[in-house]
Amino acid sequence: MIVVLKSLILKKGRIMISIKKNSKGMKQEATGRRKRASSIYARGQNEPFKISRSKFLDFLKCKRCFFLDRVKGLQEPGMPGWSLNTACDELLKKEFDIYREQQQPHQIMSDNGYNFIPFDHEDINLWRNSLKGGISYHDAESNIILFGGVDDIWLDRDTEEMVVVDYKAQSSRVEVTTESYLENHFHEDYKKQMDVYVHILRKMGHKVSPRTFFLVVNASKEADRFNSRLSFSSTLVPYNADSNWIDNEIVNFKETLDSNNVPERNPCCENCAYIEQGAQI
């Protein structure tokens with residue numbers, strides 16, 4: 001469910017329907033049920049239960065959607081990848097890796113007056129790949145493994161602290177400023193995302209700065225023609241992460257997983273409303 005509408009995304013003003021296909025593009029029956037047992041929580045299980053940062057944030061939005069997904073095994077429809085955003089991420093990683101190898105500051109660090117360099121660590125590529133493990137820690141009390149993949153980590157040479165960085169690609173005519181970016185209600189999840197990353201890295205035993213950064217690359221729409229090019233401007237948006245809320249939410253998270261009852265839905269959850277209206281119709 002998050003899910004069910006997560007992939008029924010709006011495309012040019014209309015809802016996109018998802019048709020299940022295999023890797024060869026052949027249509028398959030859509031069952032709406034998860035097949036992989038490790039993705040479904042079983043009450044009383046002894047092995048740790050792994051949960052991604054994105055699913056943890058889904059829990060915060062609607063406990064009912066999350067419960068149906070991870071306890072009842074309701075599978076959300078497939079979702080197309082964000083190929084242009086991914087391309088920006090990959091190119092930025094390549095660019096900062098050049099400076100990481102040289103242990104020199106990138107121009108954007110110097111231009112903003114920060115004594116930073118890209119953090120050099122043998123596990124940096126693992127940390128950036130959530131599918132291969134990313135960053136993670138095991139919360140012994142709840143038996144939950146919380147994990148996620150960071151875009152980058154820089155080193156503050158003044159404090160010797162790790163600085164979490166997340167790349168964000170967009171195309172907006174609104175000027176990117178710290179105030180406008182952080183106050184945008186669509187970016188609330190971005191801030192929680194940073195909170196979780198800082199929390200995980202600290203639980204891993206690292207010295208992590210509360211000051212994080214969104215590296216926002218904004219594609220201009222002002223050119224008079226496309227000409228096979230997009231012109232981007234880059235802006236560093238600082239955000240002071242707050243991870244104090246996470247431990248309590250992990251307790252709530254585990255209680256929801258162990259509940260015998262499906263939680264009440266969030267009355268503001270459009271996914272739940274869509275499912276309920278569909279059932280009534």
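This structure holds 17 salt bridges, and since the model is a predicted one, the exercises below work from predicted coordinates.

**Exercise 1.** Work out whether the salt bridge between Asp166 and Lys168 has buried or exposed partners.

*Solution.* Start with the contact: the two side chains meet at 2.8 Å, N to O. Asp166 has 3% relative accessibility, so Asp166 goes down as buried, the cut-off being under 20%.

**Exercise 2.** Find which parts of the chain the salt bridge between Glu222 and Arg173 ties together, then classify both residues by accessibility.

*Solution.* First, the distance: the closest N and O atoms of Glu222 and Arg173 are 3.3 Å apart. Then place the partners. Glu222 sits in the loop between strand 9 (211–219) and strand 10 (232–240), while Arg173 sits in the loop between strand 8 (161–170) and helix 6 (178–183), so the bridge links parts 49 residues apart in sequence. Finally, accessibility: exposed means over 50%. Glu222 has a relative accessible area of 58%, so Glu222 is exposed. Arg173, at 63%, is exposed as well.

Notes:
Residues are numbered from 1 along each chain as its sequence is written. This is a predicted model: local features need pLDDT of at least 70, side-chain atom pairs count only at pLDDT 80 or more; totals for chains, interfaces and linings use all residues. Side-chain values use heavy atoms; hydrogens and water are left out. A salt bridge is a side-chain nitrogen of Lys or Arg within 4 Å of a carboxyl oxygen of Asp or Glu. Buried means under 20% relative accessible area, exposed over 50%, partly exposed in between (1.4 Å probe, protein chains only). Helices (H or I, at least four residues) and strands (E, at least two) are DSSP runs, numbered from the N terminus.
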